[in-house]
Amino acid sequence: MSRFLPDVFRDPTIRVSMFAIFAFGIAGAATSPYQSVVGIRELGLSNGLYSVLIFSAAAVNVIVSILLGNLADRLGEYRTMMVSAAVFGVLGYGSIYILPMQATFIVSALLLLPIYGSLNSLLFANVRAATRGMPRNEVATVNSGVRAMISLSWVLVPGVTGILLSRSTSMLPAYLFAGIACVICLVLIAAYLPRQRGTDHAATHHLSYLAALGEVVSPPVLIRVVAVALISSTLHVNGAILPLIVTDAAHGTVADVGILVGIVAFLEVVFIVVWGRAQRVMSNVTALAIGTSIYIVYLVLLGLASQPWHVYALTLISGIGAAALISIPITYLQDLIAERPGLGSALISVNIFLGAGLSALLFAIGTGLSSYSGTALIGAAAGIVGLGLLLFFDRRKRRR
């Protein structure tokens, strides 16, 4: 088996980071599908308050990711920030399980868990720093492998959690599972991640926190982030409309939705590795353009689906395209601020935030003007716009 494992994954920093991000993924996969159930149905939050809370938490996560990423760059090591973020995860998930009250849920969701969420970009920053000096194709392979660990957690955990809690009157134990995953993540980072010598990796020119925010929103960076966010928004649009199309226009059942999501998640894990290999022979932009085109075709065909087998037939196309859209942007975004791994990796959180916001807007427009199937076509149109912007600005960059 060892001969099938690329040499880059034998690096202890990369290997431990992969296990840590798998544990990070477990925490999210155990709770995200049931977060609204716990917040609204079990703890009694109103729909409006819950919506504001989730949006505000996403904004806090973006700001914290940028600030902690910049601080880690200034220190020249990411281990300290990652340990701190993991502690917030233990406190956030643990407090909701131990003290299931509205106030606890709000404080955890608005403050503790967004800080923990910054661990995602910090882990990628740590891996990026570890791959400094490696060939571009090896960097892409590592990023794809690390991202695949999150998808793998989503293949395994939601179904297992659902089975374990199927006879429970409460979904709160999911937060216990997440808290345990955070403890495992904390132990992996604190005990097994090789220590770094900060002065060896610190950014040469320190940025103030305002300057770091300024670099993120500078036109050359921001406009490319927006292009990628438009592309990424297609994933969020699909997440919102797939269950609705399956149970409406395609005349399927809720069981079909679960099976379809599981199939696509499995295919994502497989094709993330394939796309990592593809990036050895083509640029990030070319690979992302091909993956986006495939996913646009999927959304168009999803909008035309009228039978359950139509959607099942699309899982292969969906898996191939989605794998590209969740893995390739990581390397592309990090390269936008390549000399600062922490700040560059914080763009991953910015992309997630913008992509989710744009998808909400597209969903509102699509359902307001058309049907769920029509919303799929509008999502495809957004992907085309994002792809056009990406290719346009990449061409301009190459001309300079």
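**Helix packing and the cavity**

Analyst: This is a predicted model. Helix α1 (residues 12–31) packs with helix α6 (residues 119–130) at an angle of about 165°, and their axes are 10 Å apart.

User: Are α1 and α6 roughly parallel or antiparallel?

Analyst: Roughly antiparallel, because angles over 145 degrees count as that. That is how α1 runs relative to α6.

User: What's the hand of the α1 and α6 crossing?

Analyst: The crossing of α1 and α6 is left-handed.

User: Which residues make the contact?

Analyst: On α1, they are Thr-13, Ile-14, Ser-17, Ala-20, Ile-21 and Phe-24. On α6, they are Leu-119, Asn-120, Leu-123, Phe-124, Asn-126, Val-127 and Ala-130.

User: How many of the residues in the contact of α1 with α6 are nonpolar, polar or charged?

Analyst: Nine are nonpolar and four are polar.

User: OK, now α1 with α8. What angle do they pack at?

Analyst: About 165°, with the axes of α1 and helix α8 (residues 173–192) 8 Å apart. That makes α1 roughly antiparallel to α8. The crossing where α1 passes α8 is left-handed.

User: Which residues of α1 and α8 meet?

Analyst: From α1, they include Val-16, Phe-19, Ala-20, Ala-23 and Phe-24. From α8, they include Ala-174, Tyr-175, Phe-177, Cys-182 and Tyr-192. Ala-20 and Phe-24 of α1 are also in the contact with α6.

User: And how do the residues of the contact of α1 with α8 divide?

Analyst: There are 19 nonpolar and one polar, with no charged residue.

User: Switching to α3. How does α3 pack with α5?

Analyst: Helix α3 (residues 47–75) and helix α5 (residues 102–117) pack at about 30°, and their axes are 8 Å apart. The two helices are therefore roughly parallel. Here α3 passes α5 in a right-handed crossing.

User: Who's in that contact?

Analyst: α3 brings Leu-49, Tyr-50, Leu-53, Ser-56, Ala-57, Val-60, Asn-61 and Val-64. α5 brings Phe-105, Ile-106, Ala-109, Leu-110, Pro-114, Ile-115 and Gly-117. The contact of α3 with α5 divides into twelve nonpolar and three polar residues, with no charged.

User: Now the inside. How many cavities of 30 Å³ or more are there?

Analyst: One. The largest cavity holds about 50 Å³ of space.

User: What lines the largest cavity?

Analyst: Asn-238, Leu-242, Leu-260, Val-264, Tyr-298, Val-311, Leu-314, Thr-315 and Ser-318. Six of the lining residues are nonpolar, three are polar and none is charged.

User: Which helices each supply at least two residues of that lining?

Analyst: α11 (219–247), α12 (254–278) and α15 (315–336).

Note on methods. Residues numbered from 1 in each chain as written. Predicted model: local features only at pLDDT ≥ 70, side-chain atom pairs only at ≥ 80, totals over all residues. Heavy atoms only, no water. 1 Å grid on protein atoms, 1.4 Å probe; cavity = no way out; pocket = protein on both sides within 12 Å on 5 of 7 lines; lining within 4 Å. Points joined across faces, edges and corners; volume = space filled by probe spheres on them. Helix = DSSP H or I, 4+ residues; strand = E, 2+ residues; numbered from the N terminus. Nonpolar A, V, L, I, M, F, W, Y, C, P; charged D, E, K, R; others polar. Axes fitted to C-alpha atoms, helices over the stretch in contact; angles between N-to-C directions. Parallel < 35°, antiparallel > 145°, perpendicular 65-115°, else oblique. Left-handed = near helix turned anticlockwise from the far one by under 90°. Contact = heavy atoms within 4.5 Å.
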